[in-house]
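Please keep the structure open while reading.

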Amino acid sequence: MINAKKFLSHSLMLFIILFSSMSCEEEKEKEVAPEVLAPEQIVHVEQAKEMYDFYTKRRVPLIQRYEDSINRRKYGTKIQQKKKAKSNSDEANAEKKFDVARYVSYDYKTLKQYLAYIEQEAKKANVEISGLRIYFSNYPDKAFFDGQDKDSILHPRQNSVLLSPTLTKGKRDYLFYIGEDKDQQEAILLSDSFKPIKDIIGMGHLGNAESKSHASFMPSLSTSTGNTTLNTSFYAGTSLTMNKGTGAPPPFPEED
């Protein structure tokens, strides 16, 4: 009889523990994540529209006239050289207006992957990302970048953007990339214009080897051919700068 009572008592306690545990789990599932506050930099839609329109009035015409003049010079010369040709393609190109890019877009998953990637690489180099710069840029007037894929330039002469993280050193922020040494990864500083910092003693390398003072910025030539691996004499290592977004001209009137 006593054993039966002990068994029932133990069983009841076990039931209570299991029930309490399940209740706690259910309560956790019901907990709502804290609301994320809007950053102070968020602007009203009206302000966004006004800024977009000012760019339309003050920048697009300048770009349009400049690029159209290049088309006239470029294809006009060909027209003169091919007066006897049957094709009118050069003449059509000379008169065609240049489509001025108005935005660059990345899908949300790509942006999340990029942010996770630069945090991962910065952690490997033992540095902390201080900011993310978005640079205005422009594709050169050629089919592809030297030493890269044939489709590396989809829209010659079009405006684009470059995304690149920064780190704080001293009293200012610097662009950086990750050096080629996989065993002892370092963050290597760049100037605001992506130039090698080789004139500032000890400022070229940071991170795991920060105790060492490096006077030279130029690492050895990398033999890797990965998409993010730099293969020039100045920039051997892994780039953290992203481009290749989807650019687009303004919408057609019926879509505006």
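Predicted model: local features only at pLDDT ≥ 70, side-chain atom pairs only at ≥ 80, totals over all residues.

**Nonpolar cores**
- The largest nonpolar core has 17 residues, and those touching the most other members are Val127, Leu163, Leu167, Phe176, Ala187 and Leu189.
- Two or more residues of this core come from each of helix H5 (108-124), strand S3 (159-169), strand S4 (172-179) and strand S5 (186-190).
- Another core, of five residues, lies apart from the largest one and includes Leu175, Tyr177, Ile188 and Leu190.
- In soluble globular proteins, nonpolar side chains tend to be buried together.

**Second largest pocket**
- The volume of the second largest pocket is about 720 Å³.
- Its lining consists of 17 residues, and Tyr55, Arg102, Tyr103, Phe136 and Val161 lie nearest the centre.
- By class, 13 lining residues are nonpolar, three are polar and one is charged.
- Helix H2 (45-58), strand S1 (103-105), strand S2 (131-138) and S3 each give at least two residues to this lining.

**Aromatic rings**
- Two aromatic pairs are found in the whole structure.
- Tyrosine 139 and phenylalanine 145 form a tilted pair, because their planes are at 55 degrees, with ring centres 6.4 Å apart.
- Tyrosine 139 is buried, at 11% relative accessibility, whereas phenylalanine 145 is partly exposed, at 27%.

**Arginines over rings**
- Arginine 102 sits over the face of tyrosine 52, 4.0 Å from the ring centre.
- Arginine 172 sits over the face of tyrosine 174, 4.3 Å from the ring centre.

Key. Residues numbered from 1 in each chain as written. Heavy atoms only, no water. Core = buried A, V, L, I, M, F, W, Y, C linked by side-chain atoms within 4.5 Å. Buried < 20%, exposed > 50% of the residue type's maximum accessible area, 1.4 Å probe, protein only. Helix = DSSP H or I, 4+ residues; strand = E, 2+ residues; numbered from the N terminus. 1 Å grid on protein atoms, 1.4 Å probe; cavity = no way out; pocket = protein on both sides within 12 Å on 5 of 7 lines; lining within 4 Å. Points joined across faces, edges and corners; volume = space filled by probe spheres on them. Nonpolar A, V, L, I, M, F, W, Y, C, P; charged D, E, K, R; others polar. Phe/Tyr/Trp six-rings, centres within 6.5 Å; stacked < 30°, edge-to-face > 60°. Lys NZ or Arg CZ within 6 Å of the ring centre and 35° of its normal.
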